Amino acid sequence: MNVLSKLDEMKIQYDIIEHQPVYTVEDAYVVEGKIEGLPVKNLFLKDKNNNFYIYVLEDNKKADFKLLKEKLGTRLEFGTPEELFSKLKLYPGSVAPLGIINDNGSVKLIFDKDVVNKKILIHPNRNTATISIEYVDLVKFLNLFKNSYTVV
């Protein structure tokens, strides 16, 4: 399912910019300033029981795995590219919360408190475009697909 078509169908507002493929936060700096929103990074994580998560935090903020363990009650580590594709049909560099469109509700979302109620920049499931979307609209999208999320 095309994520942009779904956003349009849901009448969710977003701005989009096409660009060269980006694979890291540093690569994405080329996009910064060309579209309004907070740059974020999206980490694909898993726990020892193979529960999967996407952790969304500001691009310049370091992931606090100790805090995540405390809040979630489990230690997290990075998922593999194979697991990423198996769960979300995404490749490294294109991880985004919108990837749950390809999921069956099993991948949980974790939002850092600093991205809540802001306009954020994320990929529309491909690393050759970036969209600017309000956090509240992203939550509407998540609710449609019944993926759980938490704020830390």
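Reply: Helices are DSSP runs of H or I with at least four residues, strands are DSSP runs of E with at least two, and both are numbered from the N terminus. The model is predicted: local features need pLDDT of at least 70, side-chain atom pairs count only at pLDDT 80 or more, and totals for chains, interfaces and linings use all residues. Residues are numbered from 1 along each chain as its sequence is written, and side-chain values use heavy atoms, with hydrogens and water left out.

Me: Let's talk cores. Which residues touch the most other members of the largest nonpolar core?

Reply: Those are Leu7, Ile122 and Phe141, in a core of 33 residues. A nonpolar core is a set of buried Ala, Val, Leu, Ile, Met, Phe, Trp, Tyr and Cys residues joined through side-chain atoms within 4.5 Å. At least two residues each come from α1, β2 (38-46), β3 (52-58), α4 (81-88), β5, β6, β7 and α5. Helix α5 gives the largest share, six residues.

Me: Who is Leu7 in contact with?

Reply: Beyond its neighbours within four places in sequence, Leu7 contacts Ile12, Tyr14, Leu98, Ile131, Ile133 and Phe141. There is also a second, separate core of 10 residues, with Leu43, Leu45, Tyr53 and Ala63 among them.

Me: You mentioned β5. Where is Phe111, and is it buried or exposed?

Reply: Phe111 sits in strand β5, and it counts as buried because its relative accessibility is 0%. Apart from neighbours within four places in sequence, Phe111 contacts Val56, Tyr135, Leu138, Leu142, Tyr149, Thr150, Val151 and Val152.

Me: On to the strands. How do β6 and β7 pair?

Reply: They are antiparallel, with four bridges between them; two strands count as paired if DSSP finds at least two bridges between them. Ile122 is opposite Ile131 in β7. The hairpin of β6 and β7 has six residues between the strands, and Asn125 there has a positive phi near 70 degrees.

Me: What about β2 and β6, parallel or antiparallel?

Reply: Parallel, joined by two bridges. Pro39 has Leu121 of β6 as its bridge partner.

Me: New topic: how many salt bridges does the structure hold?

Reply: Eight. The criterion is a side-chain nitrogen of Lys or Arg within 4 Å of a carboxyl oxygen of Asp or Glu. One of them joins Glu9 and Lys6 at 2.9 Å, N to O. Both residues are in helix α1, three residues apart, about one turn of the helix. Glu9 is exposed at 56% relative accessibility, whereas Lys6 is buried at 13%.

Me: Which residue does Asp112 form a salt bridge with?

Reply: Lys61, with the closest N and O atoms 2.9 Å apart. Asp112 is in the loop between β5 and β6 and Lys61 in the loop between β3 and α3, so the pair ties together parts 51 residues apart in sequence. Asp112 has a relative accessible area of 4% and is buried, while Lys61 is partly exposed at 26%.

Me: Which other residues are in a network with those two?

Reply: Lys113 and Asp114 are linked with Lys61 and Asp112 in a network of salt bridges. The side chains of Lys61 and Asp114 meet at 2.6 Å, N to O, and that pair also links distant parts of the chain, 53 residues apart. Asp114 is partly exposed, with a relative accessible area of 22%.

Me: Last one: what phi does Gly73 take?

Reply: A positive one of about 75 degrees, just after α3.

Technical notes:
Buried means under 20% relative accessible area, exposed over 50%, partly exposed in between (1.4 Å probe, protein chains only). Contact means heavy atoms within 4.5 Å.
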